Every structure is written in C-alpha cells, then in structure tokens.
Amino acid sequence: MQRYEYKAVPLPEKGEKAPGAKTADERYANAIVQQMNRLGRDGWDYVRTDTFTREDKVGLARRSVTVHQTLMIFRRPVSDSFSSTPSETPRPSFTANRAPEPTPTWEPLVLQRQEPKISKDEN
C-alpha cells in the first residue's frame, strides 16, 4: 500500500511579474503556477485547493473574527521503508531494562512547632 505525506500551502498574497502577464489576474495566476512548479520539482503532487474557516482574536479587546484561509494541498510518496502494510509493521517494545533508582542520601527536613513558654510571673 502506497503511503503519502501531505503539505498545505497558503495561496500567494500577491502576483508575480512575468513576461506577457499584463493584468493583475495574469500576474496572480503566474504566482500560483510558480509556487506549484517549485513544489513539483521537490516531488510534491497537487491534490486540491480547500478553503478553511477559523476564528482569530484581534485587537486590544481580543475581538473574535472569522477568517477564511485558502490552502493548496500537495502530497508525495514516502520512502519505501514505510511502505509495509500495517500488519507487517514491527511493534515497539515497551519493556524497560533500567537499573533501580538509588535512594536519596539526604534526610527530609521536619519542622516542629513549639509553643512559647509563659511563666506565671509575667502576668
């Protein structure tokens, strides 16, 4: 079974200049294509684009604001060392072979409260 790792990348905030890109829309599309090509050279495959909603706190009063973030999702296969099926995956051993903890050489401090002695002559 093929396993993948995933990467979520925010869309570019502004366009990039390019020869032939005259409008803002063309420059923005060029920025997206450049970002996708950079990730593609590193082995990432484009999967899809999703918009997510989250709540952010802004300002001194920490007012709640709804933010919509659009992310491009990419994936790439992980190395073959992880491609075994779950039933073949070796289970980690949780047995510990530690030496017993040495006992502390210090004695705990014990405080005793002593009532002041009042002699009958002081009254």
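This report walks through the predicted model above, from its overall plan down to a few side chains.

**Ground rules**

Residues are numbered from 1 along each chain as its sequence is written. Because this is a predicted model, local features need pLDDT of at least 70 and side-chain atom pairs count only at pLDDT 80 or more, while totals for chains, interfaces and linings use all residues; side-chain values use heavy atoms, with hydrogens and water left out.

**The overall plan**

The protein chain has 1 helix and 3 strands, and from the N terminus on its elements run β-α-β-β. Here helices (H or I, at least four residues) and strands (E, at least two) are DSSP runs, numbered from the N terminus. Of the 123 residues in the protein chain, 11% are buried. Buried stands for under 20% relative accessible area, exposed for over 50%, and partly exposed for anything in between, using a 1.4 Å probe and protein chains only. Take the contacts (heavy atoms within 4.5 Å) between residues at least 6 apart in sequence: 55% of them join residues at least 24 apart.

**The sheet**

Strands of a sheet pair through backbone hydrogen bonds, either parallel or antiparallel. In this model, 3 strands form an open sheet in the order 1-3-2, with antiparallel pairing. The edge strands are strand 1 (4-10) and strand 2, each of which pairs on one side only. On average, neighbouring strands of this sheet are turned by 30° against each other, direction ignored. Two strands count as paired if DSSP finds at least two bridges between them.

How many bridges join strand 2 to strand 3? There are 13, and strand 3 covers residues 63-77. Along this pairing, aspartate 56 stands opposite valine 65, and glutamate 55 stands opposite threonine 66. The hairpin of strand 2 and strand 3 has 4 residues between the strands, and there glycine 59 takes a positive phi near 80°.

Helix 1 (residues 24-41) lies across strand 1, strand 2 and strand 3, and runs at about 45° to strand 3. For such angles, axes are lines fitted to C-alpha atoms, for helices over the stretch in contact, and angles run from 0 to 180 degrees between N-to-C directions. The expected span of a helix is 1.5 Å times one less than its number of residues. With 18 residues, helix 1 should span 26 Å, and its end C-alpha atoms are 26 Å apart, so the two agree.

Which residues of helix 1 are buried? They are Asn30, Ala31, Ile32, Gln35 and Leu39, and they pack against strand 1 and strand 3. After helix 1 comes glycine 43, whose phi is positive, near 95°.

**Aromatic rings**

A pair of aromatic rings is described by the distance of the centres and the angle of the planes. Rings of Phe, Tyr and Trp (its six-membered ring) pair if their centres lie within 6.5 Å; planes under 30 degrees apart count as stacked, over 60 as edge-to-face and the rest as tilted. The structure holds 2 aromatic pairs, listed here.

| Pair | Centre to centre | Angle between planes | Type |
|---|---|---|---|
| Tyrosine 4 and tyrosine 6 | 6.5 Å | 55° | tilted |
| Tyrosine 46 and phenylalanine 74 | 5.7 Å | 70° | edge-to-face |

The pair of tyrosine 46 in strand 2 and phenylalanine 74 in strand 3 links distant parts of the chain, 28 residues apart. Phenylalanine 74 is buried, because its relative accessible area is 1%, whereas tyrosine 46 is partly exposed at 40%. As for the other pair, tyrosine 4 is partly exposed at 31% and tyrosine 6 is exposed at 53%.

**A look at aspartate 45**

Aspartate 45 lies in strand 2 (residues 45-58). Is aspartate 45 buried or partly exposed? Aspartate 45 is partly exposed, because its relative accessible area is 42%. Leaving aside its neighbours within four places in sequence, aspartate 45 is in contact with Ile73, Phe74 and Arg75. Aspartate 45 and phenylalanine 74 are 29 residues apart in sequence, yet 5.3 Å apart in space, C-alpha to C-alpha.
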